[in-house]
Amino acid sequence: MALLKRRKEEEFSRYLAEGNTQTKAAEMAGYAASHAASQGCVLSKKPHIRARVEELREMGSKEIGKSIAVTKDWVIQGLVQNIVDARE
C-alpha cells in the first residue's frame, strides 16, 4: 500500500502503528488537542487507515522510524547542499 493521500492521516497511522494511543496519535499528527480523542476514534475506524496501520505494524517499528529519519536526513542534506552551491 502506498502512502495515504492526506498527510495527517498518514502521520496518524504511523504514530498509531508505533504504539501510541488514538488520542496521542491524533495530537502528534496535528489534530487539535481539544478534539484529538474523538478524531482519533473516527480515524481509527476508517478501513484505509486500519489497513495502513496493519501494514506499518508488519514492517516493524524500527523500519517506521528509519523511514521517517531517512526522509528528514535527506531534506537536511539537500538544504546544506543548496547553501554550499549558493556560496560557490
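Predicted model: local features only at pLDDT ≥ 70, side-chain atom pairs only at ≥ 80, totals over all residues.
Biologist: How many helices and strands does the chain have?

Modeller: Helices (H or I, at least four residues) and strands (E, at least two) are DSSP runs, numbered from the N terminus. Here there are five helices and zero strands. The order from the N terminus is α-α-α-α-α.

Biologist: What share of the chain is buried?

Modeller: Buried means under 20% relative accessible area, exposed over 50%, and partly exposed in between (1.4 Å probe, protein chains only). Of the 88 residues, 25% are buried. Met59, in helix H4, is partly exposed, at 39% relative accessible area.

Biologist: Where do the buried residues of H3 lie on the helix?

Modeller: Start with the general idea. An α-helix has 3.6 residues a turn, so residues three or four places apart point the same way. Now the case. H3 spans residues 36-45, and its buried residues are Ala36, Gly40, Leu43 and Ser44. Seen down the axis, they fall within an arc of 95 degrees, so they line one face of H3. The arc is taken from the directions from the helix axis to the C-beta atoms.

Biologist: Which elements does that set of residues pack against?

Modeller: The buried residues of H3 pack against helix H1 (7-17), helix H2 (22-28) and helix H4 (47-59). Contact means heavy atoms within 4.5 Å.

Biologist: Which residues touch the most other members of the largest nonpolar core?

Modeller: In soluble globular proteins, nonpolar side chains tend to be buried together. A nonpolar core is a set of buried Ala, Val, Leu, Ile, Met, Phe, Trp, Tyr and Cys residues joined through side-chain atoms within 4.5 Å. The largest one here has 13 residues; Phe12, Leu16, Ala26, Tyr31, Leu43, Ile49 and Val53 touch the most other members. H1, H2, H3 and H4 each give two or more residues to this core. Take Ala26: leaving out residues up to four places away in sequence, Ala26 touches Phe12, Tyr31, Ala36 and Gly40.

Biologist: Is Glu10 buried or exposed?

Modeller: Glu10 belongs to helix H1. Glu10 is buried, with a relative accessible area of 6%. Beyond its neighbours within four places in sequence, Glu10 contacts Leu3, Leu4 and Arg52. Other buried residues of H1 include Glu9, Ser13 and Arg14.

Biologist: How far apart are Tyr15 and Val53 in sequence and in space?

Modeller: They are 38 residues apart in sequence and 8.8 Å apart in space, C-alpha to C-alpha. For Met59 and Ala17 the values are 42 residues and 9.7 Å, again C-alpha to C-alpha. Across the chain, residues 24 or more positions apart account for 50% of the contacts with a separation of 6 or more.

Biologist: What follows H1?

Modeller: Gly19 follows H1, with a positive phi near 110 degrees.

Key: Residues numbered from 1 in each chain as written. Heavy atoms only, no water.
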